[in-house]
Amino acid sequence: MTPPNAERSPRIGTDIRHIEGTTLWGQGPELLDAVAAQGLDGVNIRTLYELSPTLDRGRLAEFASHADALGLYVEMGIGRVNPFNTAELPAVRALGQGDYLAAMTRMVEICADRGWHTLWTACGGFTFFPGIHATDRYRTDADWSEQLRITEAFLRKLAPVLRANGCRLAVETHEEITSHEIVRLVEAAGPDAVGICLDPGNLPLNGEDPMAGIRRVAPYVVSTQLRDVALWPRVGEISRFLAPCGEGVLDWTEVLRLLLDTTPDLNLTIEGIGGTRAELRVPCTDKAWLAGQPDLDPAEIAVLQQLATDYRKRAEAGTAPGLDLLELHSETWRAAHDDFVYTSAAHLRACVAALA
């Protein structure tokens, strides 16, 4: 393999999620100072309007200038692209005075002006409704196939704006969408305008062998939200827990080889988690779940089951966290989150060094 970059290694940063108007690290330049103090190289801000609800150009320019002064990369989110889901983001629609496409266009243009050309999005949200109805994939008012059709149409409308501004929209491998479907969306809208944000932690939730899913999306990945996966066998199900990179079932040297061979300057953004390991179940024997997975490969379900069995054996041997730790809830969210990111960053740096 050619070294990822002749001048520098890939940059490693952290995802920043706003909760009720702020973050674990504060707001604006303050959060950038905290990220730099952790020895990280950049941020992915989940949505532009949360950074500045009115899209104040002065405030955004200050943020961009401070990031540049600290040498940090910035990737920015601009909302979701599934028209059946966008009503859940009224703040975005308001930015276009009722016109959602105008709001997205406005954010793309502002991001381009600031030099932020990799833009995050997703095809749905996640709720805590019970069972399969936690994601838009299994909503009953619109079949998932129809949601994908309308999402593709919206991406086609937005693509000329992205091209005109030199931007790429990065659609996340989120809980509701498979790697097969997201590749088809990208190819339909145009890979020069739309790419993929890889979150490997979500791939098992739709019955995918995570390494196989990564191979499918790798040619189109322009952004990342990296975390590992711990799998645990249950009766008729598999539990998916999130883990720091290097503590789960993924071969990170191989993951980075796949990604950096295609995109040597790819930013490696970590999506940390604090307080909980976010257990979700893969209901791989549930008839309703199976009916909603037309691309499902039984061989990949078998791989997931074997990975879960192997992980449990590691835990029983004391070489991986056991179920007691995976199910443990921590009250120290910030400390747990920072430890998750620090552990992940150290492992990713070691893998990059091994590749180079």
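## The second largest pocket

The second largest pocket holds about 430 Å³ of space. A pocket here is an open set of points on a 1 Å grid over the protein atoms alone, with protein on both sides within 12 Å along at least five of seven lines; its volume is the space filled by probe spheres set on the points, which are joined across faces, edges and corners. Of its 24 lining residues (those with an atom within 4 Å of a point), R11, E75, T118, V222 and N267 are the closest to the centre. The elements that give two or more residues to this lining are α3, β3 (73-77) and β7 (221-224), and β3 has the largest share, with 3 residues. Helices (H or I, at least four residues) and strands (E, at least two) are DSSP runs numbered from the N terminus.

A quick word on the ground rules: this is a predicted model, where local features need pLDDT of at least 70 and side-chain atom pairs count only at pLDDT 80 or more, while totals for chains, interfaces and linings use all residues. Residues are numbered from 1 along each chain as its sequence is written, and side-chain values use heavy atoms, with hydrogens and water left out.

## A cavity

The largest cavity has a volume of about 50 Å³. Its lining includes T178, H180, N206, R216 and E300.

All 5 of the 5 residues of strand β1 (residues 12-16) are buried, so the strand is largely enclosed by the rest of the structure. Buried means under 20% relative accessible area, exposed over 50%, and partly exposed in between (1.4 Å probe, protein chains only).

β1 runs parallel to strand β10 (residues 268-270), with 3 bridges joining them, and it also pairs in the parallel sense with strand β2 (residues 42-45) over 3 bridges. Two strands pair if DSSP finds at least two bridges between them. T14 has a partner in each: I270 in β10 and V43 in β2. Together, β1, helix α1 (residues 28-37) and β2 make a right-handed β-α-β unit; right-handed means that, with the strands pointing away from the viewer, the path from the first strand over the helix to the second runs clockwise.

Strand β8 (residues 228-234) is mostly covered, with 5 of its 7 residues buried. β8 pairs with strand β9 (residues 237-243) in the antiparallel sense over 7 bridges, and R234 stands opposite E237. The two strands form a hairpin with 2 residues between them, and G236 in the turn has a positive phi of about 75°.

## Rings and a charge

Rings of Phe, Tyr and Trp (its six-membered ring) pair if their centres lie within 6.5 Å; planes under 30 degrees apart count as stacked, over 60 as edge-to-face and the rest as tilted. That gives 4 aromatic pairs. In one of them, the ring centres of F63 and W116 are 6.1 Å apart with planes at 85°, so the pair is edge-to-face. F63 sits in helix α3 (residues 57-70) and W116 in the loop between α5 (100-114) and β4 (118-121), so to speak linking distant parts of the chain, 53 residues apart. Both F63 and W116 are buried.

R46 lies over the face of W120, 4.8 Å from the ring centre. The rule asks for NZ of Lys or CZ of Arg within 6 Å of the ring centre and within 35 degrees of the ring normal.

How values were computed:
1 Å grid on protein atoms, 1.4 Å probe; cavity = no way out; pocket = protein on both sides within 12 Å on 5 of 7 lines; lining within 4 Å.
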